[in-house]
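Please look over the sequence and the model below before reading on.

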Amino acid sequence: MSTTQAISASTASVSFEPNTTWTPSKGMVGMTCLIIAESAIFTIFVVAYLFYLGKSLSGPAPREVLELPIVNTICLLSSSVTITFALRSLRNGEIRRFGYWWLATIALGAYFLFGTGREWHRLISEKGLTLQTNLFGTTFYSLVGLHASHVVVGLMALLIVMAFAVAGRVKKEHAERAEVLALYWHFVDTVWIVVFTVVYIIGR
């Protein structure tokens, strides 16, 4: 057999069909699309907050009533760490450890909501800042409230998974589904960094 014939034979045996063994997770694709849409909504609210910043005709002003929510921020950002450890444990088949880290994530998120509620109570009862007070009050509660509502949705989803875990229904093969929810939670935490920067750093 000549060299040309050998090359032709070896080439003929090679398949040039595309590799179809991997396809993106439908859950991850769906969550990514949701996050893109939600990011657009948050962008509108952030732009509105910045646009109306300093344009209130009456007080109080942000610097007069806002305090840096340091503990709240630490708790929420730490929850991204705990949910990452939870996923790692689930992938390794360590279901009990997964439950501990997942529960820690829920506790941190719940404390963040508690802190937000406490801040709103102080602003309303002590500082007299409501939605109707001025433009600052309207945009503040709208933006921070939008984020808080997403935290509530995330916590509800985390609690459902926790209930399944307690019932022994969460297994190693469910790690991909948990990753979809974790992606949403990371999104909520990332948005808070933006909200914190805009409202409590730039806005003051």
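Glu94 is partly exposed, with a relative accessible area of 32%, where buried means under 20%, exposed over 50% and partly exposed in between, computed with a 1.4 Å probe and with protein chains only. Its side chain meets that of Arg97 in a salt bridge, at 3.6 Å from N to O; the term stands for a side-chain nitrogen of Lys or Arg within 4 Å of a carboxyl oxygen of Asp or Glu. Arg97 is partly exposed as well, at 47% relative accessible area.

The model is a predicted one, in which local features need pLDDT of at least 70 and side-chain atom pairs count only at pLDDT 80 or more, whereas totals for chains, interfaces and linings use all residues. Residues are numbered from 1 along each chain as its sequence is written, and side-chain values use heavy atoms, with hydrogens and water left out.

The protein has 7 helices and 0 strands, and along the sequence it follows the pattern α-α-α-α-α-α-α; helices (H or I, at least four residues) and strands (E, at least two) are DSSP runs, numbered from the N terminus. Of the 204 residues in the protein, 38% are buried.

How do these helices lie against each other? Two packed helices are described by the angle between their axes and the distance between the axes. Here axes are lines fitted to C-alpha atoms, for helices over the stretch in contact, and angles run from 0 to 180 degrees between N-to-C directions. Helix α6 (residues 135-166) packs with α7 at an angle of about 160 degrees, their axes being 10 Å apart. That makes α6 roughly antiparallel to α7, because angles over 145 degrees count as roughly antiparallel, under 35 as roughly parallel, 65 to 115 as roughly perpendicular and the rest as oblique. Helices α5 and α7 pack at about 30 degrees with axes 13 Å apart, and they are therefore roughly parallel to each other.

A search of the whole structure finds 3 salt bridges. In one of them, Glu67 pairs with Arg122, the closest N and O atoms being 3.8 Å apart. Glu67 lies in the loop between α3 and α4 and Arg122 in helix α5, so the pair ties together parts that are 55 residues apart in sequence. Arg122 counts as buried, at 15% relative accessibility. Arg91 forms a salt bridge with Glu179, with 2.8 Å between the closest N and O atoms; since Arg91 lies in helix α4 and Glu179 in helix α7, this pair ties together parts that are 88 residues apart in sequence. Arg91 is partly exposed at 40%, and Glu179 is partly exposed at 24%.

The C-alpha atoms of Lys127 and Pro60 are separated by 7.6 Å, although the two are 67 residues apart along the chain.

On the surface, Leu50, Leu68, Ile70, Val71, Ile74, Tyr111, Phe114, Ile201 and Ile202 form a nonpolar patch with about 810 Å² of accessible area together. Two or more residues each come from α4 (70-91), α5 (95-125) and α7 (175-202), and the largest share, 3 residues, comes from α4. Patches are made of residues with over 30% relative accessible area and no salt bridge, like charges being joined within 9 Å and nonpolar side chains (Val, Leu, Ile, Met, Phe, Trp, Tyr) within 5 Å; accessible areas come from the Shrake-Rupley method with a 1.4 Å probe, and for residues only the protein chains shown count as cover. Leu68 sits in the loop between α3 (62-65) and α4 and is partly exposed, at 37%.
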